[in-house]
Amino acid sequence: MNENDDLFPLPSDGTYKGLRRVLTYGTFDLLHYGHVRLLRRAAQLGDYLVVAISTDEFNAGKGKKSFYSYEVRKEMLESIRYVDLVIPEYSWEQKVDDVKKYGIDVVVMGGDWAGSERFEYLRDYCDVVYLDRTPGISTTQVKQNLNKSVPGSAPAAPADDAAADDATDEDEA
């Protein structure tokens with residue numbers, strides 16, 4: 001018997017499943033505080049956060065081009081403390097395989113995807129949760145601001161208050 005068994009008792013009926021695993025998808029280009037807040041809130045829904053980021057090839061197929069390459073975006077996400085694992089997103093169709101392969105309990109997406117067929121079918125395999133975007137920030141807005149801004153200047157992030165923390169941003173697909 002392990003000395004920690006009394007501190008962390010597990011059910012003897014075989015119902016213990018281990019870590020609660022959460023998965024989210026996105027491009028995560030021009031990483032900003034809305035992305036970080038999404039990742040923090042997604043991580044709070046479980047014990048282990050998997051982030052699938054769109055590859056450059058997948059983005060091209062969607063008519064998108066990221067500022068940063070897949071490898072750079074992956075490196076940035078891996079440095080965020082809320083993220084446990086970063087995997088590539090190659091296609092729309094891989095989601096069920098990801099859920100099964102990584103033992104996912106919850107898929108988290110931005111609220112703008114609520115009710116979308118792209119994610120609703122996953123309810124047959126796990127929970128699906130939609131989180132609202134962080135007001136006042138999006139990758140599109142950052143790109144527009146950068147095109148208008150004076151070199152070397154950047155808008156400040158608003159205070160991280162409770163109201164702002166109730167919403168998230170994620171520029172998936």
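1. Phe67, Tyr68 and Val72 together make a nonpolar patch on the surface, with about 280 Å² of accessible area between them. Of these residues, Tyr68 sits in the loop that joins H2 and H3. Its relative accessibility is 31%, so Tyr68 counts as partly exposed.

2. A word on confidence before going further: this is a predicted model. The protein chain has a mean pLDDT of 80, and 71% of its residues reach 70 or more. Among the elements, strand S3 (residues 85-89) has the highest mean pLDDT, at 97, whereas helix H7 (residues 162-165) has the lowest, at 38.

3. Two stretches call for caution. Over residues 1-8 the pLDDT stays under 50, and the model gives this stretch one contact beyond four places in sequence. Residues 161-173 also have pLDDT below 50, yet this stretch has 62 contacts in the model beyond near neighbours in sequence. Where pLDDT is low, the predicted coordinates should not be read in detail.

4. Which residues of helix H3 (residues 70-78) are buried? They are Tyr70, Arg73 and Leu77. Viewed down the axis of H3, these buried residues fall within an arc of 70°, so they line one face of the helix. The cover over the buried residues of H3 includes helix H1 (33-44), strand S2 (48-54), helix H2 (56-61) and S3.

5. The face of H3 that is turned away from the buried side carries the exposed residues Glu71 and Glu75. Reading H3 from both sides, the student will find Tyr70, Arg73 and Leu77 buried, with Glu71 and Glu75 exposed.

6. How many salt bridges does the structure hold? There are six. Lys74, with a relative accessible area of 21%, is partly exposed; the cut-off for a buried residue is under 20%.

7. Another salt bridge joins Lys95 to Glu89, with 2.8 Å between the closest N and O atoms. Are the two partners buried or exposed? Both Lys95 and Glu89 are buried.

8. A further salt bridge is formed by the side chains of Glu120 and Arg123, at 2.7 Å from N to O. Glu120 is partly exposed, with 25% relative accessibility. Arg123 is also partly exposed, and its relative accessible area is 43%.

9. Val96 belongs to helix H4 (residues 95-101). Its relative accessible area is 13%, so Val96 is buried, since buried means under 20%. What does Val96 touch, leaving aside residues up to four places away in sequence? Its contacts are Tyr121, Leu122 and Tyr125. The C-alpha atoms of Val96 and Asp124 are separated by 9.4 Å, although the two residues are 28 apart along the chain.

Terms used:
Residues numbered from 1 in each chain as written. Heavy atoms only, no water. pLDDT = per-residue confidence, 0-100. Helix = DSSP H or I, 4+ residues; strand = E, 2+ residues; numbered from the N terminus. Contact = heavy atoms within 4.5 Å. Buried < 20%, exposed > 50% of the residue type's maximum accessible area, 1.4 Å probe, protein only. Arc of directions from axis to C-beta. Patch = residues over 30% accessible without salt bridge, like charges linked within 9 Å, V, L, I, M, F, W, Y side chains within 5 Å. Areas by Shrake-Rupley, 256 points an atom, 1.4 Å probe, with all protein chains shown as cover. Salt bridge = Lys/Arg side-chain N within 4 Å of Asp/Glu carboxyl O.
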